[in-house]
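Please open the model in your viewer and keep the sequence panel beside it. The tour below goes from one selection to the next and says what is there.

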Amino acid sequence: MTGLPYDTLLVANRGEIAVRIIRTARALGLRTVAVHSAADAGALHVHLADEAVPLGPAPAAQSYLRGDLVVQAALRTGAGAIHPGYGFLSENAGFARQVEEAGLAFAGPTPEHLELFGAKHTARAAAQAAGVPLLAGTGLLADVDHAVAEAARIGFPVMLKATAGGGGIGMRACRDADELVAAWDAVRRTAAAGFGTADVFLERLVERARHVEVQVFGDGAGGVVTLGDRDCSLQRRNQKVVEEAPAPDLPDAVRTRIADAARDLAASVGYRSAGTVEYVYDAEREEASFLEVNTRLQVEHPVTEAVYDVDLVAWMLRLAGGDTGMVRDWLDAPRAPRGAAVEARVYAENPDRDNAPSAGTVTHAAFPADVRVDTWVEAGTTVSAHYDPLLAKVIARGEDREQAWAALARGLDGSRVDGVATNLGLLAALPDHPDVVAARHDTGTLTHVADASPRFEVVRPGMLATIQDWPGRTGLWHVGIPPSGPMDDLSFRLGNQALGNPEGAPGLECTLQGPALRFRTAATVMVTGAPAPVTVDGVPVAQWEPLSLEPGAVLDVGAPDRGMRTYVLVAGGLDAPQVLGSAATFDLGEIGGTTGAPLRTGDVVRLGDASGVGQGRPVPPQERPEFPGRWEVAALEGPHAAPEFFTIDDMAEFYATDWEVHFNSARTGVRLVGPRPTWARSDGGEAGLHPSNIHDTPYAVGAVDYTGDLPILLGPDGPSLGGFTCPATVAVGHLWKLPASGRATRSASCP
């Protein structure tokens, strides 16, 4: 028994908040229903729910924003309540009204509250009526001349703001009348396109502002509790990235005033459910001024939960069922905050590219067990470009602020996501930032923080560049997983040894046209393999010698003039996750490397730990492999040679022929062009019509596999089992020659 008048909850959201709500609902004994778009059919919240209902295609406008479909799904599945989470329909008054008109409980504020606080100018008016401190500002502006006149009254600088929307959209700082005139049309266009209204107003701009907020929770009948404050000043593009509770370095008088004002504002309208009253804090003046009310659960709510030991999601679900006991209990015996908490949002975005979102498949995800992590990602999760790129929230608590930040630092150090670019490196730089440590940070601090983690970014991926290690993924060929690894393992291993790495350390294999890589941190690299033009920042450099790259340097590897493959090795190796014991990329199986695929433009690849590796040495010329235009490859005869499968003459011609390498060759196999055998038999008997056919037999890397009359030298990504004859197998010591050759290959039998 749940003790609630409903037993089924529909969660009208996705991502980590949907996962959180479903888990909380289950703890309350509720059955759960998830809704999802086509892009999220395999998402974690869909698997966790007792039932899932598809809404439509990936675009949110055709799925998660279709309130009518969400309500239909609730009615069809017997849900008695809907929790909207945050974003999407969470602050949509029309949707809340639809829910309640359908006889369902809405786990959030009333439609009237959503309307009142959904427009900034009406929220400002309500705040003014409740005595909440306000920045100097205006009501809605009639035209640009009105705006200029009001700005002169307030005093520059000012912020021109759309009355609707949020997330920093529809806002422009203006430091004089010319900037205000220039911004007028642009802000109104953005507001109209994003929020359906072009209405704007002005507020005084606070330079070096901090963003603080108060968590409120109302029972809908005038009972309102406040659960402390939070600092949300560490932002990018006016959107929060790191939040902490309580807000640090806030004078007691200011803390008391913003809490009292938030409670009075919420109580004045009989506020229902969770909400946040946000303020701009001017640290120089020690003044906090009303910004807006967020009529929903906030992304950063876990830090409040951590310091007050409450579950705000459970409160919302209980209140949706008519239970107001938690509000009464709190009013009777308010709790004091205990310690401090910090939350860092892990985004799928690349800070090196102005925080551009990164889409793809998560190939590896790991988070530590000693901090709270709210996430929806796991290995195999598809991160779509259609939605907010939030992947996870890492929440750490301590007995004081210093301990909380130290715990966050450890939590971030133990967090890893591969397959998409993330801001984890940037987040890791924050706990030691002097302005953060001293609580001097503001909403502009994050723009001056850099990711210091060793890495390079792919500027141009080349034709086929993959992360490989040696000897690759061994011991699994019997279950159909090839070893992969470098085709020219000689060049690969020599480069690693010269740099001071273990000879099997992960590096890049580049086929024909190589990549261009921007190293974001200093690194020592070496390019080996087939002779090719190599430059650093446009200046030609030598292969087979260590190259010291400065931060920002671009290494560019061109196409070989002989041979097929070059290798980029880095001191310390590449930091790619192990999949079945190896970092090697098997792109046909979509495993290995960082993304399970060849490099793509914008990919970020971590570098391994180069401490203690040294500066490296050149590979001595006498040790470097030669790359002629014609190759002789040593081979062992069998297992399917003469006289059972091929004639004696067939094998003699096979060894004497100058074979041409077919253009359609790859890591799976190198196709050879030459004479057709006459064969020692007319067909394969029970195995098939062609004489090359046999019953399935194990293959070896380097086996000459006759598929019909065409011989193929099987590569490290080739099949482990098949039904074709193999008259010879390349000796292990000569396997490195297979990918190096680009023109002619001649086999020479070993005794």
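Which residue just after helix 1 takes a positive phi? Select Gly29, where phi is about 85°. Before going on, note that this is a predicted model, in which local features need pLDDT of at least 70 and side-chain atom pairs count only at pLDDT 80 or more, while totals for chains, interfaces and linings use all residues. Residues are numbered from 1 along each chain as its sequence is written, and side-chain values use heavy atoms, with hydrogens and water left out.

Now step back to helix 1 itself, residues 15-27; helices (H or I, at least four residues) and strands (E, at least two) are DSSP runs numbered from the N terminus. Helix 1 is mostly covered, with 10 of its 13 residues buried, where buried means under 20% relative accessible area with a 1.4 Å probe and protein chains only. Among the buried residues are Glu16, Arg20 and Ile21.

Next, select Phe217 and Trp315, an edge-to-face aromatic pair with 5.2 Å from centre to centre and 80° between the planes. Rings of Phe, Tyr and Trp (its six-membered ring) pair if their centres lie within 6.5 Å, and planes over 60 degrees apart count as edge-to-face, those under 30 as stacked and the rest as tilted. Because Phe217 lies in strand 9 and Trp315 in helix 11, the pair ties together parts that are 98 residues apart in sequence. Phe217 counts as buried at 0% relative accessibility, and Trp315 counts as buried at 7%.

For charges over rings (NZ of Lys or CZ of Arg within 6 Å of the ring centre and within 35 degrees of the ring normal), select Arg236, whose charged end sits over the ring of Tyr347, 4.3 Å from its centre. Then move to Arg493, which lies over the face of Trp470 at 3.9 Å from the ring centre.

Finally, select Phe646, Phe654, Tyr655, Trp659, Trp679 and Tyr706, which ring pairs link into a cluster. Phe654, Trp659 and Tyr706 are also among the residues that line the largest cavity, a set of points on a 1 Å grid over the protein atoms alone where a 1.4 Å probe fits but cannot get out, with lining residues having an atom within 4 Å of a point. Helix 17 (residues 648-656) gives the most to this lining, with 3 residues.

Note on methods: Buried < 20%, exposed > 50% of the residue type's maximum accessible area, 1.4 Å probe, protein only. Expected span 1.5 Å × (residues − 1). 1 Å grid on protein atoms, 1.4 Å probe; cavity = no way out; pocket = protein on both sides within 12 Å on 5 of 7 lines; lining within 4 Å.
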